Structures are given as C-alpha cells and as structure tokens.
Amino acid sequence: MQIKGLFEESLPLFEMLEERGLATAEILHFYGAALHESKKFHSAVVKFNAAMQMEPNNPVFINSLGASFLALDDIDLAIELFKTATKLDEKYYLAWLNLG
C-alpha cells in the first residue's frame, strides 16, 4: 500500500477523536498533516488553525499551515508563516527549507 493511502485511511480515526473531544493540539496537527497529504488543503488549514488555537507559538504547526497555504498558491501568506516559524525557533530547519 502506498503511504498516501495510509494518510487517507487515517482520516476517519482523526475525525472520531475530534468528535469525542479527544483531539489535542498534536492530534489536530497530525489530522491536518493527513489532510494535507491527501491534497485536502482547505480542510488542512482548518485543522492546523485549530491546533494553533491551543498552541499559538508552535513553529511546527505554523510551518505546516504555511505549507498548506503554499499548496493553495497563497505564496505571500505562506512566506509570512514560514518566517514566523523561524522567528519562534531559529533552528527549525523545515521552515528555513520552505523559505529556500
């Protein structure tokens, strides 16, 4: 099975966790990542934003949100988010790579 299929198969589990009120910031982030990898970028943005409501200064979440906006061709917002992630953690290399 391809990895992409595994992301799509995980979506009902994430949905169930969220419906039961068990979605932590990390779970919402992974939910967003699975949606992003399934090319459901608008839905990924919603989940990344939900994760950021719980942990607004998490550079990983901010970088992931930027990646989804980049996929949606909102380049200016994506760059702003990548820069924010690097300011929060100057050693967070994925945000630097996304800026490159």
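Rings of Phe, Tyr and Trp (its six-membered ring) pair if their centres lie within 6.5 Å; planes under 30 degrees apart count as stacked, over 60 as edge-to-face and the rest as tilted. By this rule the protein has 1 aromatic pair. The model is predicted: local features need pLDDT of at least 70 and side-chain atom pairs pLDDT 80 or more, while totals for chains, interfaces and linings use all residues. Residues are numbered from 1 along each chain as its sequence is written, and side-chain values use heavy atoms, without hydrogens and water.

**Aromatic pair**
- The ring centres of F14 and Y31 are 5.4 Å apart and the planes are at 15°, so the pair is stacked.
- F14 belongs to helix 1 (residues 3-19) and Y31 to helix 2 (residues 25-37), so the pair ties together parts 17 residues apart in sequence.

**Fold and dimensions**
- The protein has 6 helices and 0 strands, where helices (H or I, at least four residues) and strands (E, at least two) are DSSP runs numbered from the N terminus.
- The C-alpha trace spans about 35 × 30 × 20 Å along its principal axes.
- Of the 100 residues, 39% count as buried.
- Among contacts (heavy atoms within 4.5 Å) between residues at least 6 apart in sequence, 41% join residues at least 24 apart.

**Charge**
- There are 8 positive side chains (Lys and Arg) and 14 negative ones (Asp and Glu), with His and the chain ends not counted.
- The centres of the two sets lie 2 Å apart, with charges placed at NZ of Lys, CZ of Arg, CG of Asp or CD of Glu.

Technical notes
Buried < 20%, exposed > 50% of the residue type's maximum accessible area, 1.4 Å probe, protein only.
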